Amino acid sequence: MCANIGVDPLASNKGFWAELLGIGDFYYELRVQIIEVCMITRSHNGGLISLQELCNHLRQRRKKDREAVTEDDCLRAISKLKVLGSGFEVITIGKKKLVRTVPTELNKDHN
């Protein structure tokens, strides 16, 4: 029935409740893609990637998708990744937001 009307039931979308609560297929897929991008770029950036650069990588990966990825979407997805431990966190340095993807705690000595 879905094929007859041109609807893909497995396609992820960002609906009202998914955006409000930060849950749903769109955010699940986004979290997985964030982890993949962070793991791929970790050897180049040492585990700190700017939020803007992360969003640019995600936009390139998701060119074919209908919904664009915004920085707010990335922030919501990363906030849900905190349940995995101290590996993913958004830190602000000046006016720039960075995503920390290393499992060690950055104390004042590391900064």
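This is a predicted model: local features need pLDDT of at least 70, side-chain atom pairs count only at pLDDT 80 or more; totals for chains, interfaces and linings use all residues.
**View 1. The protein chain has five helices and three strands.** Helices (H or I, at least four residues) and strands (E, at least two) are DSSP runs, numbered from the N terminus. Along the sequence, the pattern reads α-α-α-β-α-α-β-β. The protein chain holds 111 residues, and 31% of them count as buried. Buried means under 20% relative accessible area, exposed over 50%, and partly exposed in between (1.4 Å probe, protein chains only). Contact means heavy atoms within 4.5 Å. Among contacts between residues at least 6 apart in sequence, 52% join residues at least 24 apart.

**View 2. Helices α3 and α4 cross at roughly 115°.** Helix α3 spans residues 25-45, helix α4 spans residues 51-61, and their axes come within 10 Å. Axes are lines fitted to C-alpha atoms, for helices over the stretch in contact, and angles run from 0 to 180 degrees between N-to-C directions. The two helices are therefore roughly perpendicular to each other. Angles of 65 to 115 degrees count as roughly perpendicular, under 35 as roughly parallel, over 145 as roughly antiparallel, and the rest as oblique. From α3, the contact uses Leu30, Gln33, Ile34, Glu36, Val37, Cys38, Ile40 and Thr41. From α4 come Leu54, His57, Leu58 and Arg61. By class, this contact has seven nonpolar, three polar and two charged residues. Ala, Val, Leu, Ile, Met, Phe, Trp, Tyr, Cys and Pro count as nonpolar, Asp, Glu, Lys and Arg as charged, and the others, Gly among them, as polar.

View 3. Leu51, Gln52, Leu54, Cys55, Leu58 and Arg59 of α4 make the contact with Glu71, Cys74, Leu75 and Ile78 of α5. Seven nonpolar, one polar and two charged residues take part.

**View 4. The largest nonpolar core has 18 residues.** A nonpolar core is a set of buried Ala, Val, Leu, Ile, Met, Phe, Trp, Tyr and Cys residues joined through side-chain atoms within 4.5 Å. Leu30, Ile34, Leu54 and Leu58 touch the most other members. Helices α3, α4 and α5 (71-80) each supply at least two residues. The largest share, six residues, comes from α3. Leaving aside neighbours within four places in sequence, Leu30 is in contact with Leu58, Arg62, Val69, Asp73, Cys74 and Ala77.

**View 5. Lys97 sits in strand β3.** Lys97 is partly exposed, with a relative accessible area of 37%. Beyond its neighbours within four places in sequence, Lys97 contacts Ser50, Leu51, Leu75, Val90, Ile91 and Thr92. Lys97 and Ile49 are 48 residues apart in sequence, and their C-alpha atoms are 8.7 Å apart in space.

**View 6. Thr101 lies in the segment after β3 (96-100).** Thr101 is buried, at 2% relative accessible area. Setting aside neighbours within four places in sequence, Thr101 is in contact with Cys38, Arg42, Gly47, Gly87 and Phe88.

Terms used. Residues are numbered from 1 along each chain as its sequence is written. Side-chain values use heavy atoms; hydrogens and water are left out.
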